[in-house]
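Subject: Structure handover

Hi,

Here is the structure I said I would pass on. Have a look at it first, and then read on for what turned up.

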Amino acid sequence: MGIRDAWIEKRAASMNGGPRNFSQMHFARQGVITEEMEYVAKREKIEPELVRSEVARGRAIIPANIHHKSLEPMGIGVAFFCKINANIGNSATTSNVDEELEKLHRAVHYGSDTVMDLSTGGDIPMIRKAIIDASPVPIGTVPIYEALSRVRRAEDLNLNVMLEVIEEQAEQGVDYMTIHAGVLREFLPLVRNRITGIVSRGGALLAQWMSFNKAQNFLYENFDAICKIFQKHDVSFSLGDGLRPGCLADASDEAQFAELRVLGELTKKAWEYDVQVMIEGPGHIPLDQIELQVKKENELCYEAPFYTLGPLVTDIAPGYDHITSAIGAAMIGWHGASMLCYVTPKEHLGLPNADDVRQGVIAYKIAAHAADVARHRPGARDRDDALSYARFLFDWNKQFELSLDPETARAMHDETLPDDFYKEAKFCSMCGPKFCSMNATQIAEIYQGFDQKDREQKFTQLLAKVAKP
């Protein structure tokens with residue numbers, strides 16, 4: 001039994017055979033504060049009514065498929081803390097279910113708020129079921145990947161196959177799905193002058209299909225049918241940016257914003273069914289265009305939560321794109337993005353392994369936290385201040401404990417000063433015992449007649465605040 005089973009059973013009973021709509025937006029618009037909303041409010045340390053009102057207006061979502069038994073509800077929206085997503089999943093040639101479960105474990109352990117299974121090979125439903133069953137965080141997918149595995153070639157894709165896959169994934173417990181319904185046939189000529197063309201796999205596959213069949217995007221034309229499936233299971237849309245820029249030169253072009261306008265149209269259509277929506281955002285954007293991206297999304301998509309890949313702010317650092325993108329992620333989070341999709345060091349180079357996942361998640365936890373601090377979210381800086389007190393007071397163990405990656409922090413300290421004696425030392429190996437500025441400051445304050453009791457008391461108070469759930 002999952003924590004939500006009794007909640008969902010009670011909700012189903014209250015419908016009395018009426019229309020089957022389990023979406024959080026549906027209940028929020030009826031004025032109902034669901035147990036999921038209360039759970040999110042506790043995690044965010046805000047009032048449940050604020051959660052309900054944000055979900056009702058479409059400015060926040062709670063991705064929570066009724067079949068995801070192990071889920072611990074979480075919220076994505078500008079009024080909440082900035083979230084991060086980790087992508088996992090195998091390819092047709094690499095990885096297996098055990099490796100994907102290890103990636104899931106790493107992602108959740110280091111703080112990923114959601115995980116997307118982007119598997120494109122092997123027994124995709126089996127891998128996905130194992131991931132959903134093991135995951136306490138929402139799971140997202142891109143259903144066109146599995147649909148492609150059921151036809152001989154991309155040109156043979158059709159609506160029936162797509163709806164079959166979407167329904168099966170919804171019944172399995174997928175919490176949100178990327179649907180590339182905004183890539184329209186008339187937009188394809190707009191990418192001809194780009195350096196990198198279409199870099200979204202889903203967007204490129206649909207471009208191939210539309211060009212061959214000389215027909216409009218069947219996901220766009222049949223969007224209502226997808227909405228009806230989503231409302232039954234409470235699946236959220238992650239409206240895909242199939243024409244996102246794949247390099248700095250292609251950023252903020254006509255193709256990208258043409259698709260964004262259509263995503264706004266589709267957002268309003270989904271809301272007619274009380275289906276939750278977030279909007280996927282660009283991958284490669286120069287620093288000076290990041291604020292523009294958020295303003296355009298808010299304007300064209302009615303403030304639906306913005307979920308961005310990075311963005312990467314330079315193209316010249318393969319092997320370090322967890323860094324190039326975390327810079328952009330912190331900036332776009334500051335300007336109002338609600339969730340940041342991580343990039344690993346393997347971006348553009350290969351399928352990430354478990355350690356790449358760890359590095360990507362840590363980089364993005366830093367970016368999301370920096371954004372929360374910059375947005376002055378209540379309590380966001382408490383952990384920073386507590387760690388700073390621990391650093392000044394030479395409480396090494398608390399400094400490790402409060403860090404995003406305690407194992408790495410401890411290992412780096414212990415590389416040169418491993419003995420337990422040095423956990424009490426008023427210096428590290430950088431300055432040694434005679435040149436530590438904070439130790440010298442403390443000695444100077446003693447000469448002035450001050451002591452550390454005031455700092456120690458504030459440190460204790462901050463630790464109590466940070467420890468609260």
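This is a predicted model: local features need pLDDT of at least 70, side-chain atom pairs count only at pLDDT 80 or more; totals for chains, interfaces and linings use all residues.

Strand E8 covers residues 277–281 and strand E9 covers residues 306–309, and the two pair in the parallel sense over 3 bridges. Gly 281 has Thr 308 in E9 as its bridge partner.

**The pockets**

Now for the open space. The largest pocket comes out at about 1,200 Å³. Its lining has 36 residues, and those nearest the centre are Arg 43, Lys 45, Phe 81, Lys 365 and Arg 383. By class, the lining splits into 16 nonpolar, 6 polar and 14 charged residues. Which elements supply at least two residues each to this lining? They are H3, H5, H15 (354–374), H16 (382–392), H18 (406–414) and H20 (453–467). H15 gives the most, with 4 residues.

The second largest pocket has a volume of about 900 Å³. Its lining is made of 40 residues, with Asn 87, Leu 118, Arg 201, Arg 244 and Glu 347 nearest its centre. E9 has the largest share, 3 residues.

**The cavities**

How many cavities of 30 Å³ or more does a search of the whole structure find? The count is 2.

The largest cavity holds about 80 Å³ of space. Its lining consists of Asp 241, Gln 256, Phe 257, Glu 259, Leu 260, Leu 263, Glu 280, Gly 281, Pro 282, Gln 293 and Phe 306. Helix H12 (254–272) and E8 are the elements that give two or more residues to that lining, and H12 has the largest share with 5. In class terms, the lining has 5 nonpolar, 3 polar and 3 charged residues. Note that Gly 281 is on the list, and that this is the residue bridged to Thr 308.

The second largest cavity holds about 60 Å³. Lining it are Asp 117, Leu 118, Ser 119, Ile 124, Arg 128, Thr 141, Val 142, Pro 143, Tyr 145, Glu 146 and Gln 169. Here the elements giving two or more residues are helix H6 (124–134) and helix H7 (143–149), and H7 gives the most, with 3. The lining again divides into 5 nonpolar, 3 polar and 3 charged residues. Leu 118 is in this lining, and Leu 118 is also among the residues nearest the centre of the second largest pocket.

**A helix pair and a loop residue**

Two local items to finish. Helix H1 (residues 5–14) and helix H3 (residues 35–44) have axes that come within 10 Å and cross at roughly 140 degrees. On the H1 side the contact uses Trp 7, Lys 10 and Arg 11, and these meet Glu 35, Glu 36 and Tyr 39 in H3. The contact residues divide into 2 nonpolar, no polar and 4 charged.

The loop residue is Ala 79, found between strand E2 (76–77) and E3. Is Ala 79 buried, exposed or something in between? Ala 79 counts as partly exposed because its relative accessible area is 29%, which falls between the 20% and 50% cut-offs. Leaving out residues up to four places away in sequence, Ala 79 touches Glu 54 and Arg 377. Ala 79 and Glu 54 are 25 residues apart in sequence, with a C-alpha to C-alpha distance of 7.7 Å.

Cheers

Technical notes. Residues are numbered from 1 along each chain as its sequence is written. Side-chain values use heavy atoms; hydrogens and water are left out. Two strands pair if DSSP finds at least two bridges between them. On a 1 Å grid over the protein atoms alone, a cavity is a set of points where a 1.4 Å probe fits but cannot get out, and a pocket is an open set with protein on both sides within 12 Å along at least five of seven lines; lining residues have an atom within 4 Å of a point. Grid points are joined across faces, edges and corners, and a volume is the space filled by probe spheres set on the points. Ala, Val, Leu, Ile, Met, Phe, Trp, Tyr, Cys and Pro count as nonpolar, Asp, Glu, Lys and Arg as charged, and the others, Gly among them, as polar. Axes are lines fitted to C-alpha atoms, for helices over the stretch in contact, and angles run from 0 to 180 degrees between N-to-C directions. Contact means heavy atoms within 4.5 Å. Buried means under 20% relative accessible area, exposed over 50%, partly exposed in between (1.4 Å probe, protein chains only).
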